[in-house]
Amino acid sequence: MIGLFGGAFDPPHAGHVALARAAKEQLGLERLLVLVTERPGHKDVATPAAARLEMTRAAFPDDVVQLDPYARTIELLEAHPEWDDPVFLIGADQFCDFPSWLRPHDVLARTRLAVATRPGFPRERLDAVLAGLGQPERILFFDTPPTPVASRDLRARLENGEQVGDEVPSAVADIIKRDKLYGR
């Protein structure tokens, strides 16, 4: 079973790594493909794709990491019919937004969603989304440890000259420092 984990990774952080680790362990993924979205269709990115790709490769040294040129998940999935029923990893917050994705029913026809839940996230929010989907059997849930970190918060702290400690993998911190990313 192949797992797909996409995102802006601006920057990749400990929460991303913990989510991927939990998915591998709990879902028995044979392979994880980490996809760095070149131009996300749903948010702005602060850092060029090449820098985000390098940081993500440093954060996921044991996985295949490649650039995703598609702004929308359905475009990526349609471009890769060779992926046989992959599992697309997303967080609980993203799952709550899933109905607003471009062609969510077509996404579910091409991939199962593996939703990372965390302690304290309201299960009723997940259940409400699940109830509105035509294919709820295509949704898997797995648990992640609490990792209260967000890329936008890390960027803000780095821009203010603050340290981020263990919230990013050390190899990512080295790249940020070397290339003066997110700093003044």
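## A buried phenylalanine and the chain around it

At 3% relative accessibility, F9 counts as buried. The cut-off for that word is under 20% relative accessible area. The model is a predicted one.

F9 sits in the loop between β1 and α1. Its backbone has a positive phi of about 50°, although F9 is not a glycine. F9 also belongs to a ring cluster: ring pairs link F5, F9 and F60.

The loop between β1 (2-7) and α1 holds P11 as well. The peptide bond from D10 to P11 is cis, and its omega is near 0°.

### The whole chain

How many helices and strands does the chain have? There are eight helices and six strands. Read along the sequence, they follow the pattern β-α-β-α-β-α-β-α-α-β-α-β-α-α. The radius of gyration is 16 Å, close to the 16 Å that the globule rule gives for 184 residues, so the chain is as compact as a globular protein of that length. The C-alpha trace spans about 45 × 35 × 30 Å along its principal axes.

Buried residues make up 49% of the 184 residues. The accessible surface comes to about 9,400 Å². Carbon and sulfur atoms account for 49% of that surface.

Take the contacts with a separation of 6 or more: 80% of them join residues 24 or more positions apart.

Charge comes next. The chain carries 22 positive and 28 negative side chains. The centres of the two sets lie 3 Å apart.

Helix α2 covers residues 49-59. Its buried residues are A49, A51, R52, L53, M55, T56 and A59. An arginine, R52, is among them.

An α-helix has 3.6 residues a turn, so residues three or four places apart point the same way.

### Aromatic pairs

The structure holds six aromatic pairs. Two of them include W101, and the table sets them side by side.

| Ring pair | Distance between centres | Angle between planes | Kind of pair |
|---|---|---|---|
| F88 and W101 | 6.3 Å | 85° | edge-to-face |
| F98 and W101 | 4.9 Å | 70° | edge-to-face |

Why is the pair of F88 and W101 edge-to-face? The planes of the two rings stand at 85°, so the pair gets that name; the cut-off is over 60 degrees. The F98 and W101 planes stand at 70°, so this pair is edge-to-face too.

F88 lies in strand β4 (residues 87-91), while W101 lies in the loop between α4 (92-97) and α5 (104-110), so their pair ties together parts that are 13 residues apart in sequence.

R103 has a positive phi of about 55°, although it is not a glycine. With a relative accessible area of 36%, R103 is partly exposed.

Strand β4 contains G91. At 17% relative accessibility, G91 counts as buried. Which residues does G91 touch, not counting those up to four places away in sequence? They are L19, V115 and A116. V45 is 46 residues from G91 in sequence. In space the two are 19 Å apart, C-alpha to C-alpha.

T117 is found in strand β5 (residues 112-117). T117 counts as buried, at 12% relative accessibility. Leaving aside neighbours within four places in sequence, T117 is in contact with L126, F141, F142, D143 and T144.

### Back to the start

F9 has a positive phi of about 50°, and R103 has one of about 55°.

Note on methods. Residues numbered from 1 in each chain as written. Heavy atoms only, no water. Helix = DSSP H or I, 4+ residues; strand = E, 2+ residues; numbered from the N terminus. Rg over C-alpha atoms; globule rule 2.2 N^0.38 Å. Buried < 20%, exposed > 50% of the residue type's maximum accessible area, 1.4 Å probe, protein only. Contact = heavy atoms within 4.5 Å. Areas by Shrake-Rupley, 256 points an atom, 1.4 Å probe, with all protein chains shown as cover. Lys, Arg positive; Asp, Glu negative; His and termini not counted. Charge placed at Lys NZ, Arg CZ, Asp CG, Glu CD. Phe/Tyr/Trp six-rings, centres within 6.5 Å; stacked < 30°, edge-to-face > 60°.
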